[in-house]
Number of protein chains: 2
Amino acid sequence: MQKYTYFFGNNQADGNIKMKHLLGGKGAGLAEMTNLGIPVPPGFTISTEVCTYYYKNHSYPQGLKEEVGEQLKKLEEVMGKQFGSDESPLLVSVRSGARVSMPGMMDTILNLGLNDNAVKGISKATGDERFAYDSYRRFIQMFGNVVLGIEHDEFEKLIQKIKDRKGIKEDTEITADDWKQLIPEYKNLIKEKTGTEFPALPEDQLWKSIDAVFMSWDNQRAKDYRRINNIPDDWGTAVNVQVMVFGNMGENSGTGVAFTRNPATGENLFYGEYLPNAQGEDVVAGIRTPRPISKAQKRDASEISLEEAMPNIYRELLEIRNKLESHFRDMQDIEFTIEKGKLWLLQTRTGKRTALASVKSAVDMANEGLITKEEAVLRVSPKDIDQLLHPMIDPSAEITVIAKGLPASPGAASGKVVFKAEDAVNAESKKVILVRHETSPEDVAGMHSAQGVLTAKGGMTSHAAVVARGMGKPCVVGCEMLNIDYSNKLFTAGDYTIKEGDIITIDGASGNVIIGDTPKIEAAISGEFNTLMKWVDEFRTIGVRANADTKKDAETARKFGAEGIGLARTEHMFFGEDRIPIVREMILSDTKEERKRALEKILPMQRSDFEDLFRAMDGYPVIIRTLDPPLHEFLPKEEGAIQELATNMGVSVEKIKEKVAQLSELNPMMGHRGCRLGIAYPEITEMQARAIFEAACNVAKEGVKILPEVMIPLVGIKKELEYQKKIVVETAKMVMEEKGNQIKYLVGTMIELPRAALTADEIAEEAEFFSFGTNDLTQTTFGFSRDDVGKFLPDYIKQGILQDDPFQTIDIKGVGKLMKMTIELGRKTRPEIEIGICGEHGGDPRSVEFCYKAGMNYVSCSPYRVPIARLSAAQAVLKRQ
Amino acid sequence: MQKYTYFFGNNQADGNIKMKHLLGGKGAGLAEMTNLGIPVPPGFTISTEVCTYYYKNHSYPQGLKEEVGEQLKKLEEVMGKQFGSDESPLLVSVRSGARVSMPGMMDTILNLGLNDNAVKGISKATGDERFAYDSYRRFIQMFGNVVLGIEHDEFEKLIQKIKDRKGIKEDTEITADDWKQLIPEYKNLIKEKTGTEFPALPEDQLWKSIDAVFMSWDNQRAKDYRRINNIPDDWGTAVNVQVMVFGNMGENSGTGVAFTRNPATGENLFYGEYLPNAQGEDVVAGIRTPRPISKAQKRDASEISLEEAMPNIYRELLEIRNKLESHFRDMQDIEFTIEKGKLWLLQTRTGKRTALASVKSAVDMANEGLITKEEAVLRVSPKDIDQLLHPMIDPSAEITVIAKGLPASPGAASGKVVFKAEDAVNAESKKVILVRHETSPEDVAGMHSAQGVLTAKGGMTSHAAVVARGMGKPCVVGCEMLNIDYSNKLFTAGDYTIKEGDIITIDGASGNVIIGDTPKIEAAISGEFNTLMKWVDEFRTIGVRANADTKKDAETARKFGAEGIGLARTEHMFFGEDRIPIVREMILSDTKEERKRALEKILPMQRSDFEDLFRAMDGYPVIIRTLDPPLHEFLPKEEGAIQELATNMGVSVEKIKEKVAQLSELNPMMGHRGCRLGIAYPEITEMQARAIFEAACNVAKEGVKILPEVMIPLVGIKKELEYQKKIVVETAKMVMEEKGNQIKYLVGTMIELPRAALTADEIAEEAEFFSFGTNDLTQTTFGFSRDDVGKFLPDYIKQGILQDDPFQTIDIKGVGKLMKMTIELGRKTRPEIEIGICGEHGGDPRSVEFCYKAGMNYVSCSPYRVPIARLSAAQAVLKRQ
């Protein structure tokens, strides 16, 4: 018979860490810790298969009820307690636990098992009546909210009544009798709202809670989270039923969260926070600001660390930390509770960390011998590298710091202040900073839309901090100087008042909150980063180039390790203020002669641009693409601009309007652009070729090693390339004769049309290299206009018609098939042909892996994505081994 | 050593009819006739290889000069005459002759060999001094014009001077002495215009003429002709040097052109025209209206036929005609000259014929046993069938005939009168009729642009008649009632004056010229046509369906032999005056409920449309495609229409404008359309499916045999089809339950995106049939927007970058490769899957051949092209055998 539940307790568990797919991350971690002899409150895990079954059949599999009953009996035996007993009642928690962590997305029930009888038992067992009844009302409240869907506020209102009646302010001032009185009121509320009684039987409570947890797999925020994080809907969640331990049983109790290394910096130091006399939820919810666990971690002398408050517990925890790190060979994120001087571990999982920490800990662990270099390279996610390269505030900038909080997620971000997640989602420009007291799972979409997040409360492990780090968003938390006034849409910080719409900057590295926008510079790259990238390049087998149109881009790219330019878009150079009038003159020419005159003016500008690129890429190849976009993109669209152009050029407004109209197209993406322009106006290609080879000859004379590659865009027919290549080759010959030197160069083409891919064998007769233009190739293969796809693509992904946005990650089945075909056909004709990619996909990790597997020579991407591409390329090799 | 020249004469020739690629059509025909013992003036052919060599190397191959010299010597021996002799001088013609006939496109020189000496020899030999000097001055004039590029007019002016001086009007009144006097003036003109003397040496004359003929291969009108007729530029022309015979040596001389059968009707009767005492060019140029060759052919009693004028010659010609037809087994078009009672054949070639003649003669010849049925089917070109199906004037229409000419090319055409070819080319609407005295090769582009051609002069074999027949354009020639006044841009016919821009109709079947536009009906289909199509269907192995959206279309299609509907575009039904307001209501709906209400109003209309289609196609399958175009296509664009819609719908103008703007797209071809609409608005698909199955059930109850196939457009991802199919299947089930009957149906998809082709194996898991949408597939494979391609595609074809317009003929290398891939992948998943094509290409003969070879089940095209597709499909089978 199939097994649906897995017990853990008494140093022995049915499961282990390898069973995450069945037990979820939490359940597998609890099982593994139990097997390692670490103190874990006993419990059992209902497997993810039950969830999957539940969603498929809208019922539980046969035998489950019985199995759970047996597990509960086992728990009672192990603990020597009974459910509902007025002597020694058994209380449990019910928690979700998916294969990967989805923090706060699904439901949790604590203190389950309490009823009018059991509360007496707890009271007796703990000798703390107030605690017992507080726990009981907490349970009713949580059950009412999570299982029965009654608003939290409804319960809070009843508490407020007590406070009002007694003229008190804090929950802590409420007495045991007050709580006792409250309980029937809570039960009445439930009766009133749901028409049914609050269930007194623990088994009823349990099954309703299990139902609720499984149901929560499909709530909107969990679905959103899965979509954002690419988690398949059919994985399902496990449910963990575990004996309760209490951190809120007095001063020798407490609860905390810790990382085996610093999750912000990666430093090899035990790092965590705890709250004395508190339940675990208090830490995560960010309502109270927690204390550091170690002395080393203290920010000021007045703080009392766990190390000082409970030195034995701290020592025990440190031993567990060492055991976990050497066992899991990675940084762990643990939850613990101290119940009356006894330490319990409630969770262990791989710790989420900043990019900085990810790189540092990976390199450190490799150096410590804990992991291999290969593992270190595989352990850093390309997303981390992306985050690491986020801009920082320019240290030389004059800034006005108006508040300081905890630096929860690195990077600097500026934007208009908004106070509601939905305002962030709906903001016209996404340049907003979300400011909240604290965040909750409901805010995730808003956080995703915002540039950064600032909270007044909470610690480094609060919801805001964890989620922002995961998203790679700058985040400052626990900024207690902030007084937020939601209703008037403003906050004050000292003398400053910041209203909604005002611009602020947050620095996730320092915790600073700054007024206005600030100049930013790219992140300073650490020694560990360089070490890692050195290892990366040892494993990597394909080249990484950059898409760069300017000297600055090219220099940045080279600094990030680019081995050449994979795409220089000559038209980007056309938009300069000093150039666009001449470009327009060229476009408006009526005759070839007029056009040639205008082109002669553009020539020296292009030449000087190319000289800059060649110099920046000394020793590396530079691919320059001839003119690509439709000409009307360069023409003015608005009345004023048209008038100005007419005056400047001494032609009539009508003439310009006529030309603009004449050049306009119904489907410009598939219109008169790319090499089709060069074929209609060979003089443009000729000018560009001349600029390239004059630049090449000039720079070669300076001693710069150059490898120019001229790329013809949008070729679909061999003869297009043949005709354009002829112009390039003839011009090159002429220029080299004029300049008196010889330069090796290649002429090749973009592969960005299905027809080019399908006839790559023919095209390779002319092309000396191929470069995949995967943006256009995706557009034409799918028949998706990238400009218009917003009308249906998001819905396609939501409905599961597509798993990924094909403009972000190569569609391997369709577009990828064409690419593989191209490579095969191209190499059949010309075995040594150089093949790369220069679409946006060149910086996407999964796409880079595809390119490597498909046998390309290199990928090319934007300068900031070069390190990502390098890492992805190395990981692709290692994953294959 | 390579042989470049091929002699013919004395009943023996170096070449034969199979050597057209080397000798050209004319040369091969002359050789073959010589071998058959038919009297042909001796000569030799310089092969097309020389032309190819000449264009490649800009010089003649080594040894050619010597070879030509030897051939000339042989000619002198055979004829017993010498070049330049004042006793018996040898005169030759130099003519071009490509593999296929390019009538009048290239240059011809006659009377070559004449100089001051030889003219005396001719005078002596013929005893006709006037003839000798007239011939001499003709030669100088032709040489001056063709070889030296001097305007014809310059020479004519000198003749006019003589006439003015002598007060005469006709050339015939000019005496031998006048011609003698004119010759030095002609020579002076040449000296003056070119700076060199007119060459006296026949060998100089010959080589300059050969040069000129080879050069004329590349003149603009020849290039245009080749482009229009798909003749490769690298075929080259041969040059024929042939001894002159003279049809203008008195009343026992003459020249003519004849067809072995009637080229207009196909009737098995010898048919031709001749001019007594004339040179061949006079017939072709259409300057004099020629006489019939047979008595049977006479139009009125006053005409004297060749049969009456020279009965012996006629009898000899008739024998040759019979010999040629039984030898070539096809209708021949011959040229002959009678020199002083001796008959010479100057050309034989396969006769161009009307569609009617093509079908009739093919069927007749098969019935006569001259050819097989297979040959008959192969002999009729699909273009002929197209022509045959051109509309005719409705016999019941009241028409005003203002003139009558020769019915040179069938079909009726109406349009505005223009008098210049370039006006036809530049006309905004191409609905023009080109009216000329006569046409010349310079007019070909204009004829191509016009709907039809009307000339005042010329016969059935004049330039206008031959070219128009080739183009399948209606044409009336020799309409001598017309008085054309080019300078005032009008013509008169009796009492009628027709100005430029007035509308006339010409009837190429009757020769009628009619005032104004007239109602037309499709061609009456002949018995031979039906016989042929019966044979066609015997050989054909793939199905032919029609694209039809209306009852009328469906009925027409069925009449033309369609075996079902391959594409019914449901959106075409949306544009009806009574429907578009409801469609707009549907589009402007803000909620699903509003949209559903509008859809409910559309439902009965669509249902009734579908009922009509099912009834018309009783027993055959009907493919109905769900909504395809972007919704904004249905919305009004102009201010007035928007205002009206707003008033009708009771919403604000702004709301409508907003919606129009919201629905507009940058690249609508690749935007929110096709199944993407059905996925966004499943209620649309649901309504359409309901309409289809309600119609199916209703009509089935009438006893009609129906085979509905529901086609989902623009699928690129399997899940798109899966989702849409689910709606169709569920709706079908519901409707069939409601209606209480069961109907077999298929759900399938268009293959019109590269991704669909690439993943056809996956898509076939859902699709029960595939139908290639080759229009969109061509757009996306090439990245060519059909709406914008006019900016560069004509130039691409002109420059030879593309051989054919890929929107007319399937691009086999690219688009075809995707199609073959689709078929292979689709059949791998679902071996019995039905595969067809419903793009424009389904009626293009070469594309039909491709579809047959690729293994499709059927092609589908517009109703009028159904017979073309049937014929093409049969020919594809026969060509393969």
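Are B:Tyr60 and B:Phe214 buried or exposed? I looked them up, and both B:Tyr60 and B:Phe214 are buried. Buried stands for under 20% relative accessible area, exposed for over 50%, and partly exposed for what is in between (1.4 Å probe, protein chains only).

**Before I start**

I am working on a predicted model, where local features need pLDDT of at least 70, side-chain atom pairs count only at pLDDT 80 or more, and totals for chains, interfaces and linings use all residues. Residues are numbered from 1 along each chain as its sequence is written, chains are lettered from A and ligands numbered from 1 in the order in which they are written, and side-chain values use heavy atoms, with hydrogens and water left out.

**Entry: aromatic pairs**

I found 36 aromatic pairs over all chains. Rings of Phe, Tyr and Trp (its six-membered ring) pair if their centres lie within 6.5 Å; planes under 30 degrees apart are stacked, over 60 edge-to-face, and the rest tilted.

I looked up A:Phe693 with A:Tyr745 and got an edge-to-face pair, 4.7 Å centre to centre with 70 degrees between the planes. A:Phe693 sits in helix H26 (residues 682–701) of chain A, and A:Tyr745 in the loop between helix H27 (718–739) and strand E29 (746–751), so the pair ties together parts 52 residues apart in sequence. Helices (H or I, at least four residues) and strands (E, at least two) are DSSP runs, numbered from the N terminus. Both A:Phe693 and A:Tyr745 are buried.

Then I went back to B:Tyr60 and B:Phe214. Their ring centres are 5.9 Å apart and their planes are at 50 degrees, so I noted a tilted pair. B:Tyr60 is in the loop between helix H2 (48–57) and helix H3 (64–79) of chain B, while B:Phe214 is in helix H8 (residues 202–216), so this pair ties together parts 154 residues apart in sequence.

In chain A, ring pairs link A:Tyr54, A:Tyr55, A:Tyr60, A:Trp207 and A:Phe214 into a cluster.

**Entry: salt bridges**

How many salt bridges does the structure hold over all chains? I read off 113. Each is a side-chain nitrogen of Lys or Arg within 4 Å of a carboxyl oxygen of Asp or Glu.

A:Arg755 bridges to B:Asp811, with the closest N and O atoms 2.6 Å apart. A:Arg755 lies in helix H28 (residues 754–758) of chain A and B:Asp811 in the loop between helix H31 (793–798) and helix H32 (812–829) of chain B, so the pair joins two chains. Both A:Arg755 and B:Asp811 are buried.

I also checked A:Arg226 and A:Asp218, whose closest N and O atoms are 3.5 Å apart in their salt bridge. A:Arg226 has 0% relative accessibility, so it counts as buried. A:Asp218 is partly exposed at 34%.

A network of salt bridges links A:Arg130, A:Asp134, A:Arg137 and A:Arg138.

Two packed helices are described by the angle between their axes and the distance between the axes. Contact means heavy atoms within 4.5 Å. Among the residues that meet are B:Phe155 and B:Leu158 in H6(B), and B:Trp179 and B:Leu182 in H7(B).
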